[in-house]
Amino acid sequence: LLKNSPAMVGATILLSIIIFAIFLPVLSSHTYYETHLDLKNTPPCSKFWFGTDELGRDLFTRIWWGARVSLFVGIAAAIIDMTIGVVYGACAGMMGGKIDEIMMRITDILYSLPYLLIVILLMVVLKPGIFTILIAITITGWINMARIVRGQILLIKEYDYVKAAYMLGASQFRVLFYHLIPNSMGSIITTMTLTIPAAIFTEAFLSFLGLGVQAPIASWGTMASDGLSALRYYPWRLFFPAIFISLTILSLNLLGDGVRDAFDPKVKE
């Protein structure tokens, strides 16, 4: 992984964004909700590095608060997807037979449901917010992980060392959690790494549509939505959230590709 230059570039960009998101809002002299109506739509300057919005709020501070929201949603959704998907897919692959068939048909049914319709229904039933977004993203987001883990388990459980473990008296639980899942970690980590940018983009997309976090909390998606209407006269209001969404997703994809190549024995020297 360290020899993969694009992956290291992605890791550097991502680490920089994480560090800035942690420290810059604390060090800033402005807050994400502080308004200055007399300074509304101020272009980028020495006082407001990224300019201000229609309420005179500092976009620089709001960008890094939005980074906290987007990164939290992306990482939390990926962890939830990994947990549910690994357990579900591993159990399906381990059991095999009719149980495996039934479990996989359930995932097919869930995967066929219109995603946006589910999200809209959730937003109507539940109060819009970060945790509602997490539920919306993960309600079907774990399916891809489950399918990948199931395929790995079906392959690995036929290896000789697994059969030898059974002959030595190992239980199914021990074989599953001490042999099968650990030897599937390459695919699991790769899939999880590529899940994070998808979750971040989904959060931004939902917030852009007005289905995400609510004001005055800053989010890259809500900031992009607010900036779209002002694109002609105040382009910086859309440019900065859009560029940081793009940079974050690009860095995660580069890092994910590097992790995938690092775990792929076909590309190892």
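**Notes on pockets, salt bridges and a nonpolar patch**

1. Helix 3 (97-112), helix 5, helix 6 (143-156) and helix 9 each give at least two residues to the lining of the largest pocket. Helices here are DSSP runs of H or I with at least four residues, strands are runs of E with at least two, and both are numbered from the N terminus. A pocket is found on a 1 Å grid over the protein atoms alone, as an open set of points with protein on both sides within 12 Å along at least five of seven lines; a cavity is a set of points where a 1.4 Å probe fits but cannot get out, and lining residues have an atom within 4 Å of a point.

2. Before you go on, keep in mind that this is a predicted model, where local features need pLDDT of at least 70 and side-chain atom pairs count only at pLDDT 80 or more, while totals for chains, interfaces and linings use all residues. Residues are numbered from 1 along each chain as its sequence is written, and side-chain values use heavy atoms, with hydrogens and water left out.

3. Back to that pocket. Its volume is about 330 Å³, a volume being the space filled by probe spheres set on the grid points, which are joined across faces, edges and corners. The lining of the largest pocket has 16 residues, and Asp81, Tyr111, Ile137, Thr140 and Gly141 are the ones nearest its centre. Which helix gives the largest share of this lining? Look at helix 9, which supplies five residues. By class, the lining of the largest pocket has nine nonpolar residues, six polar and one charged. Ala, Val, Leu, Ile, Met, Phe, Trp, Tyr, Cys and Pro count as nonpolar, Asp, Glu, Lys and Arg as charged, and the others, Gly among them, as polar.

4. The largest cavity holds about 60 Å³. Its lining is made of Asp53, Glu54, Arg57, Leu59, Arg62, Met223, Asp226, Gly227 and Arg237. Helix 2 (59-95) and helix 10 (220-228) are the elements that give two or more residues to this lining, and the largest share, three residues, belongs to helix 10. How many charged residues line the largest cavity? Six are charged, next to two nonpolar and one polar.

5. Now for the salt bridges (a side-chain nitrogen of Lys or Arg within 4 Å of a carboxyl oxygen of Asp or Glu). The count comes to eight. One of them pairs Arg62 with Asp53, with 3.9 Å between the closest N and O atoms. Are these two residues buried or exposed? Arg62 is buried, at 4% relative accessibility, and Asp53 is buried at 4% as well. For these labels, buried means under 20% relative accessible area, exposed means over 50%, and partly exposed is in between (1.4 Å probe, protein chains only).

6. Another salt bridge joins Arg150 and Asp100, whose closest N and O atoms are 2.7 Å apart. Arg150 sits in helix 6 and Asp100 in helix 3, so this pair ties together parts that are 50 residues apart in sequence. Arg150 is partly exposed at 24%, whereas Asp100 is buried at 7%.

7. Because they are three residues apart in helix 3, about one helical turn separates them. Asp108 is partly exposed at 29%, and Arg105 is partly exposed at 38%. Elsewhere, salt bridges with shared partners link Asp53, Glu54, Arg57, Arg62 and Arg237 into one network. You met these five names in the lining of the largest cavity too.

8. On the surface, look for a nonpolar patch formed by Leu116, Ile120, Val124, Val125, Leu126, Ile135, Phe201, Phe205, Phe208, Leu209, Leu228 and Leu231, with about 1,100 Å² of accessible area together. Helix 4 (115-125) and helix 9 (185-208) are the elements that give two or more residues to the patch; helix 4 has the largest share, with four. Patches take residues with over 30% relative accessible area and no salt bridge, joining like charges within 9 Å and nonpolar side chains (Val, Leu, Ile, Met, Phe, Trp, Tyr) within 5 Å. Accessible areas come from the Shrake-Rupley method with a 1.4 Å probe, and for residues only the protein chains shown count as cover. Among the patch members, Ile135 lies in helix 5 (residues 130-141) and is partly exposed at 40%.

9. Last stop: Phe177, in helix 8 (residues 172-180). Phe177 is partly exposed, at 41% relative accessibility. Phe177 and Val87 are 90 residues apart in sequence, with their C-alpha atoms 9.9 Å apart in space.
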